[in-house]
Structures are given as structure tokens and as C-alpha cells.
Amino acid sequence: MVADTDIVVRAEGLVKKFKDFRAVDGLDLTIERGMIYGFLGPNGCGKTTAMRMLTGLLTPTEGSVEVLGLSVPKDAEALKYKIGYMTQAFSLYGDLTVLENLRFMATIYGLTGARRKQRINEVMDRYELSDLKNRFAGRMSGGQRQRLALATAVLHEPQLLFLDEPTSAVDPESRRHFWEQLFDLIEGGTSIVVTTHFMDEAERCHKIAILEAGQKRADGAPKDLMAEMGANVVEIEGPNLRDIRRHLLGADGIVAAAQLGARLRVLVETGIADPEAFLKARPETDGATLIERVRPNLEDVFVTATGEGRQ
Amino acid sequence: MRPLSRIAAIFFKELNQLRRDRMTFGMVIMIPLIQLVLFGYAINTNVRDIPVAVVDHSQTGLSRVLIQIVEATTVVEVTERLNSIEEAEQAIKSARVRAAFILPEDLSQRVARSPAAGLGTPASTDEETSRPVAQWIVDGSDTMIAGAIKSLRSMPLSELNRQPPNRSTPTFEVALFFNPEQRTAINIVPGLVGIILTMTMIMFTSSAIVRERERGNMEMLINTPVRPMELMIGKIIPYVFIGLLQTVIILGLGHLLFSVPFGDKTLDLFIGTLLFIGASLSLGLVMSTIAQSQLQATQMTVFVLLPSILLSGFMFPYEGMPLVAQYIAEVFPATHFMRMIRGFVLRDASLLDLHRDVIWMCGFFVLGMLVAALRFKKRLD
């Protein structure tokens with residue numbers, strides 16, 4: 001059990017209903033200080049709704065939320081000084097310059113005078129915005145906007161940062177760079193909650209929760225999740241992979257099968273002791289040139305935890 | 001100090017955005033400028049030179065002189081000469097003329113017996129004396145046109161006999177205060193301040209909140225510690241200055257172009273205008289918290305704008321409206337402002353003289369701001 005002071009987010013039985021649709025359906029969360037916690041799931045799985053309930057933007061239909069020791073949504077206004085939030089779509093002012101945006105947001109968060117100037121210079125240095133400070137935010141590239149959004153989100157040095165699909169509009173290079181900056185923030189004592197539908201991003205998180213249809217299907221460190229996945233991964237090479245896939249899907253012992261280039265990736269239930277032999281014995285795989293067991297990745301975890309793999 | 005500096009931050013943000021929105025910024029100056037010049041010259045309730053047709057069945061020297069005398073009043077201008085009453089009716093129907101002047105065959109006899117001709121009073125037993133000399137057929141759908149022609153009904157005809165018009169003693173003496181020359185612009189220009197302020201103030205603010213929502217800034221904004229009232233106040237302050245600027249343009253230019261007097265109640269005028277700007281802005285803000293898109297905000301603006309203009313007394317006298325319409329008109333800030341600004345500018349009235357309008361306007365402003373701030377939820381659900 002972790003000490004209470006080291007818990008930044010605690011949610012119990014969280015439900016959010018929009019009319020008859022349960023966007024979030026009984027979510028329990030415990031997020032520890034000093035880590036990047038990821039919500040992984042497909043679009044519409046409720047990760048943004050869950051995050052909005054944690055920041056007080058949405059009122060939960062049922063359940064309780066406590067963030068940084070404050071009860072949400074009751075103390076949402078007090079919480080706003082302590083958290084930073086980066087929206088999914090760019091939400092700063094396109095017709096204001098970088099510097100104007102930063103000044104506006106700094107003042108809104110109560111920074112004034114020399115302190116404001118110092119913080120703005122710090123974040124502009126750190127997120128390489130100094131050369132862009134007179135550029136209109138609306139005329140910047142996706143990566144530049146993302147750096148500006150992160151810079152404004154951390155201006156008031158929040159203890160906890162919420163990032164809603166922060167990298168969906170940027171190139172892979174910017175994405176890598178962005179994640180390095182997140183780890184710098186963690187080193188500085190910030191905790192981060194991030195939503196994503198990218199496997200590689202989820203893999204960088206200290207811990208993740210896999211969400212589907214508003215429910216948590218699995219949570220833990222990506223490594224642990226892979227180890228405890230409940231399926232072994234075997235890859236098949238050879239001709240007629242599409243045929244093999246069609247025959248394997250739905251067969252006993254097979255969780256899922258998906259083609260990756262020239263290989264077919266098959267998830268076999270752990271109950272089957274020797275998955276390679278099990279597959280080789282099946283008539284469909286006669287023409288296969290290679291059948292080998294490989295290390296599982298997060299996508300395999302995702303597949304076993306959600307959708308067809310779960311049934 | 002946080003609320004003040006936050007309001008200042010929102011104020012400067014709005015100012016920067018406004019400054020860069022060339023179109024809007026241009027409208028701020030051009031709307032009062034163009035509308036003042038246009039309406040100042042165009043709107044005139046003294047109707048002149050109404051196009052009329054003449055049907056002269058008499059065809060005498062007398063009938064021609066009578067037509068000239070009627071034309072000399074400048075109320076009407078003869079544009080067509082027709083042969084029959086049917087043709088005249090058709091001309092009115094097809095809007096070529098607004099009225100027709102029918103001169104009967106027995107014009108001379110009628111004139112001779114008419115008391116208006118000033119040929120002495122005929123015997124009272126003569127029934128013919130009660131007959132008018134000629135007839136007007138008028139397109140009565142426009143009451144103002146009809147009224148102008150009706151004013152010709154008892155015009156003196158003594159000029160027909162080269163006699164000076166009768167010097168009659170009026171029943172009442174009428175002294176015209178404030179606008180003795182009866183120039184329409186004197187009444188229109190101060191009223192235009194009310195109309196243009198209503199239009200621009202409500203239009204700008206009604207999109208103020210909804211614009212943040214439409215451009216996607218709202219989600220970030222409600223995630224900050226900003227308070228609704230700070231946001232509302234910060235957003236309206238730039239428009240207060242714009243409203244004052246527009247007032248200066250209209251009244252200044254009205255003074256230059258149309259010699260509209262200013263009066264010396266500058267402070268009262270300033271405070272009254274400020275109150276009206278505040279009331280209009282708060283109304284716009286309330287609408288902005290209701291509208292889901294900028295298009296809806298514009299539609300709501302038009303919805304409020306038309307009754308504001310038509311019921312405010314800007315064009316039609318407030319007293320002429322039925323009681324229910326008067327009550328409705330009282331709701332709109334424009335009605336109260338119309339009374340106020342005409343009072344300050346034309347009648348040299350003070351805030352004290354118009355205290356009821358002042359109190360109502362203050363109440364409207366405070367209530368509007370409260371409703372807008374309460375309606376603005378820092379939640380998405």
C-alpha cells in the first residue's frame with residue numbers, strides 16, 4: 001500500500017452518463033506521485049471524459065474523485081492553481097503571438113511582475129520558443145504549437161499535469177522530443193496523466209490503464225502487463241497468410257491473429273503449454289516457412305485485454 | 001490584486017484580438033460614420049414633392065391656375081396629366097403616383113361659391129356652398145403621405161382672385177421649443193447614437209463568449225482559475241471605449257454636418273451613455289451565454305435589434321404606441337436611452353430630470369452582468 005501523500009489521483013466507482021450512454025462506467029484509479037500515467041484506448045473509450053472528470057470540467061454521475069488531496073468537483077477552483085491541462089485540440093489564441101499567449105495565461109494564473117517575466121523566459125528557453133515569441137500562434141507548425149501548449153500548461157508550475165492526446169497532431173520527431181521533455185518534468189517533481197491511442201507512447205508511461213467502453217480492462221506497468229498478458233505470441237512466416245489468419249480466427253486456443261507485413265502475429269492462450277508446437281500441428285500452417293515464439297508488446301496486451309480478445 | 005490583474009489581462013487580450021481583426025475594427029468607425037451621414041440626410045418626416053397625377057375635366061384658365069397654386073405649396077409635384085378617373089386609379093395602383101387631383105367640369109361655379117375663394121359669403125340657404133371645389137384621390141396606405149395631402153384640404157384659394165391670403169387669427173398659439181425650425185435631423189442624430197450603440201454593442205458582445213467556444217479556446221479557459229465575473233468584465237471594457245468613441249463620432253459629426261446642438265450637459269451625457277453602453281453590453285453577454293454558435297448569436301442580435309429600433313421612439317413617437325407595446329418598449333435599454341440622450345442634447349435635461357430611466361438602466365446592467373456570470377459555467381456538462 002502506498003502512503004496517502006504519494007497518491008495524486010484517487011477515483012472510486014467513477015461513472016459518467018450522457019443521457020443513456022455510459023461514457024465512463026465504474027472506473028477506479030489510483031495514480032502515484034512522480035510518474036507518467038497513461039490512459040490507453042481507442043477513440044470513444046471514455047479516456048477524455050475520465051480526464052475531464054479528474055480536472056473538474058465534468059461532474060461525475062456517480063463515484064468520488066480526489067486529486068492532490070482535494071475533492072473534485074467541489075474544490076475544482078482551488079485545484080486549478082495546482083494542475084496544468086493541455087487540451088486535445090490546440091486551444092490557445094491563434095491571433096495572439098507566443099509571448100502574448102504566455103503573458104495572458106501567466107496573469108490568469110496569478111503570476112505578475114518580475115515573477116511572471118522570469119517564468120515566461122524560463123519556459124520559452126526550455127521549450128525553444130524564444131525565437132518564435134513574436135510569431136502568431138495560429139501560424140505555427142503542429143510541433144511548435146504543442147511546445148507552446150506545454151509551456152503555458154506548466155507556467156504556474158503545477159504539481160500535476162493532464163495531457164489529452166498531446167501528440168496526435170505532431171510528427172514522430174517532435175513526439176520523441178516531447179516525451180523527453182515530459183521526463184524532464186517528472187524529474188522536476190511533476191506528475192503527469194496522459195491519454196493516448198499510440199502504443200509506443202503508452203509503452204513510455206510508467207503505468208497505464210487500458211480503457212474500453214468506459215471500463216478499465218487492465219492496468220499496471222507496461223512491462224508487467226506484457227508479462228501477465230494471458231497469451232503467448234507466435235509469429236508465422238510463409239505464403240497465404242490471409243488464409244491462415246481466416247482459419248485460425250475463432251479456433252480454440254487462439255486469442256487473436258493480425259498480419260504485420262510478411263508475418264502473421266498470433267496470440268495463443270497461455271493454457272496451451274507449447275504454442276509453437278500447437279500451431280505447427282494445425283493443418284492450416286502446413287505451408288509456413290517459419291513459426292517462432294516472440295516477445296509480447298503492448299499492442300498484444302491491448303488486443304488481449306479488449307474487444308474480441310476478451311471474449 | 002489577482003482579480004484586477006486578471007481583468008486587465010483579459011482586457012488586453014480582447015484589445016489585441018480586436019486590433020488585428022481589421023474588418024471589425026473598420027466597422028467600429030464606419031458604422032457610425034456612414035449611418036450618420038446616410039440617415040441624417042435621408043430620414044425626413046416633412047414630406048415634399050409627392051408625385052401626383054392631374055385629371056382636369058374643366059380645362060379652363062382657372063383650373064390651370066389652381067393646379068399651379070397647389071404645386072406651389074411644394075407638397076406635391078404633378079408628374080402626369082390623365083384624362084379619366086380610371087386612368088388615375090390605375091396610376092395610383094401601379095405606384096407611378098401617390099395621389100390624383102380631380103378637377104370637375106363645374107370647377108368655376110364651385111370656386112365662385114367656395115368660401116375659401118374669399119368672394120364673400122354666399123347665402124347660407126344655397127346648398128351648393130358646402131361642396132368642395134375639387135377632389136384628391138390618395139394612396140392612403142402610407143399615413144405620412146396621406147397626412148401631407150390632407151393638409152391641403154382647407155388651403156385658401158383667395159390667390160385665384162389675385163387677393164392676398166386671408167390673415168386669420170389662429171385659435172391657439174403654438175410655441176415650438178427645442179427645434180423651432182422643425183428639422184428632422186435634430187431629432188434623428190441623437191437617436192442614431194442609441195441605434196448604433198445598440199447595434200454594435202450587442203453584436204460585439206453577443207459573439208464574445210460563443211467565439212471562445214467556437215474557436216476551441218473555451219476548454220482551456222475554463223481550466224484556468226479565472227472567475228466568470230472577471231471574464232465578463234474584462235471582455236466588455238474594450239467595447240465601452242468603442243461605444244464612447246462611436247458616440248463622439250456621431251454627435252461631433254452631427255454637430256458639424258447637421259448643426260445639431262450639444263447642450264451643456266456633457267457630464268450627464270457621458271454618464272448616461274456609459275450606462276446605456278453597459279446595459280447593452282450586459283444584454284449581449286447574456287445572449288452570448290445562451291447562443292451555441294456565432295450564427296445563433298447574430299440571429300439573436302437581430303431579434304433584439306429590430307424591436308429596439310422600432311419601439312424605442314427613434315422613428316415613431318413612443319406615445320403613439322398602444323399600452324402593451326409601450327410596456328414592451330420599456331424593457332429595452334434603447335427606449336430609455338432615446339429619452340435620455342434627446343433630453344441631454346436637445347432639452348438641456350439633467351440626470352436628475354430623467355432619474356427613472358437612469359435607475360432602470362443601472363438595474364438592467366447589474367442584472368445582466370449577474371445573469372451572464374451565473375449562466376457562464378466552468379463545466380462542460
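User: How many residues of chain B are in contact with how many of chain A?

Analyst: In this predicted model, 20 residues of chain B are in contact with 23 residues of chain A.

User: Which element gives the most to the side of chain B that touches chain A?

Analyst: Two helices of chain B, α1 (2-20) and α9 (218-221), each supply at least two residues of that side. The most comes from α1(B), with eight residues.

User: How do the residues of that side divide by class?

Analyst: On the side of chain B that touches chain A there are six nonpolar, seven polar and seven charged residues.

User: How should I read the packing of α14(B) and α15(B), and at what angle do they pack?

Analyst: Take the angle and the axis separation together, then the residues. Helix α14 (residues 333-346) and helix α15 (residues 355-375) of chain B pack at about 145 degrees, with axes 10 Å apart. The crossing of α14(B) past α15(B) is left-handed. From α14(B), the contact uses B:P333, B:H336, B:R339 and B:M340; from α15(B), B:D357, B:W360, B:M361 and B:F364. Five residues of this contact are nonpolar, one is polar and two are charged.

User: Why is α11 of chain A described as largely enclosed?

Analyst: A residue counts as buried if 20 or more other C-beta atoms lie within 10 Å of its own. Seven of the eight residues of α11(A) (residues 298-305) are buried, so the rest of the structure largely encloses this helix. The buried residues are A:L298, A:D300, A:V301, A:F302, A:V303, A:T304 and A:A305.

Key. Residues are numbered from 1 along each chain as its sequence is written. Chains are lettered from A and ligands numbered from 1 in the order in which they are written. This is a predicted model: local features need pLDDT of at least 70, side-chain atom pairs count only at pLDDT 80 or more; totals for chains, interfaces and linings use all residues. Axes are lines fitted to C-alpha atoms, for helices over the stretch in contact, and angles run from 0 to 180 degrees between N-to-C directions. Helices (H or I, at least four residues) and strands (E, at least two) are DSSP runs, numbered from the N terminus. A crossing is left-handed if the near helix is turned anticlockwise from the far one by less than a right angle, and right-handed if clockwise. Two residues are in contact if their C-beta atoms, placed from the backbone, lie within 7 Å. Ala, Val, Leu, Ile, Met, Phe, Trp, Tyr, Cys and Pro count as nonpolar, Asp, Glu, Lys and Arg as charged, and the others, Gly among them, as polar. A residue is buried if 20 or more other C-beta atoms lie within 10 Å of its own, exposed if 12 or fewer, and partly exposed in between; C-beta atoms are placed from the backbone.
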